[in-house]
Amino acid sequence: LACAWFAFKEENAQKLFYRISLISTSYAGLIATFVFGGLCMLISPLPYWIGILVCSIVLAVNVIAVIKAAAAVGEVERIDRKVKQQTFFIKSLTVDAETLLARAKSEDAKAACKKVYEAVRYSDPMSSEMLTGVESQITIKFAALSDAVTAEDANAIDAAAEEVLILIKDRNSKCMMLK
């Protein structure tokens, strides 16, 4: 009951979802303790030490299961944090590209920004330390594209959009190579 109580105290739904295995394990242990303890009390010719032994075994199995469930929850939370860090670049760039698309005024600028937005949107979201150089180049070229859209310079928009698209394609190729 204590394990389930701590699991239900989580502040958000995602952490509560991660702890469902902990909750079910603790309730299964509680039910098993009631069943085996009740059986040991109902069978009257059974010595009391057998009841203690059976309930101790159930408790030991439950403690091991709770420890395993807690370790699994910790590992899932660690992986989730790592994935959030590794997908931040593309998620941020997608939001920036969507904002840039909304700011574009001419049809040519909107078309170029839409190509960039679609390329970023369907890009591999996972990042790596080995992609830092390409990602910094993408950031610089995207800033140049943003400045060109603000200045409404059609030639600069097309050139910057083309460079960003080439860099995104290069990044995606390197992502495939790293997998």
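E75 is partly exposed, with a relative accessible area of 35%, where partly exposed denotes the range between buried (under 20% relative accessible area) and exposed (over 50%), computed with a 1.4 Å probe on protein chains only. The model is predicted: local features require pLDDT of at least 70 and side-chain atom pairs count only at pLDDT 80 or more, whereas totals for chains, interfaces and linings use all residues. Residues are numbered from 1 along each chain as its sequence is written, and side-chain values rest on heavy atoms, with hydrogens and water left out.

**Helix α4**

E75 is placed in helix α4; helices (H or I, at least four residues) and strands (E, at least two) are DSSP runs numbered from the N terminus. From E75 to V120 the C-alpha distance is 30 Å, at a sequence separation of 45 residues. V76 also belongs to helix α4, which covers residues 48–103. The relative accessible area of V76 is 38%, so V76 is classed as partly exposed. Between V76 and Y18, 58 residues apart along the chain, the C-alpha separation is 7.6 Å.

C55 is a further residue of helix α4. With a relative accessible area of 23%, C55 is partly exposed. Contacts of C55, leaving aside residues up to four places away in sequence, are made with T33 and G37; contact means heavy atoms within 4.5 Å. F34 lies 21 residues from C55 along the chain, and their C-alpha atoms are separated by 8.9 Å.

The C-alpha separations discussed in this report are listed below.

| Pair | Sequence separation | C-alpha distance |
|---|---|---|
| E75 and V120 | 45 residues | 30 Å |
| V76 and Y18 | 58 residues | 7.6 Å |
| C55 and F34 | 21 residues | 8.9 Å |
| A161 and A144 | 17 residues | 9.0 Å |

**Helix α3**

Helix α3 consists of 23 residues, 20–42, and at 1.5 Å a residue it should span 33 Å; its end C-alpha atoms are 33 Å apart, which agrees. The expected span is 1.5 Å times one less than the number of residues. Buried residues of α3 are L22, I23, T25, S26, G29, G37 and C40. In general, an α-helix has 3.6 residues a turn, so residues three or four places apart point the same way.

**Helices α6 and α7**

The loop between α6 (132–151) and α7 contains E152. Although E152 is not a glycine, its phi is positive, at about 60°. Most residues other than glycine have a negative phi.

A161 is located in helix α7, residues 154–178. Because its relative accessibility is 4%, A161 counts as buried. Not counting residues up to four places away in sequence, A161 touches A112, V116 and L145.

**The whole chain**

The protein has seven helices and zero strands, so that its element order from the N terminus is α-α-α-α-α-α-α. Its radius of gyration is 28 Å, whereas a compact globule of 179 residues would have one near 16 Å; the radius is taken over C-alpha atoms, and the globule rule is 2.2 Å times the number of residues to the power 0.38. The C-alpha trace spans about 95 × 30 × 15 Å along its principal axes.

Of the 179 residues, 30% are buried. Among contacts with a separation of 6 or more, 69% come from residues 24 or more positions apart.

The mean positions of the 20 positive and 20 negative charges are 8 Å apart. Lys and Arg count as positive and Asp and Glu as negative, without His and the chain ends; each charge is placed at NZ of Lys, CZ of Arg, CG of Asp or CD of Glu.
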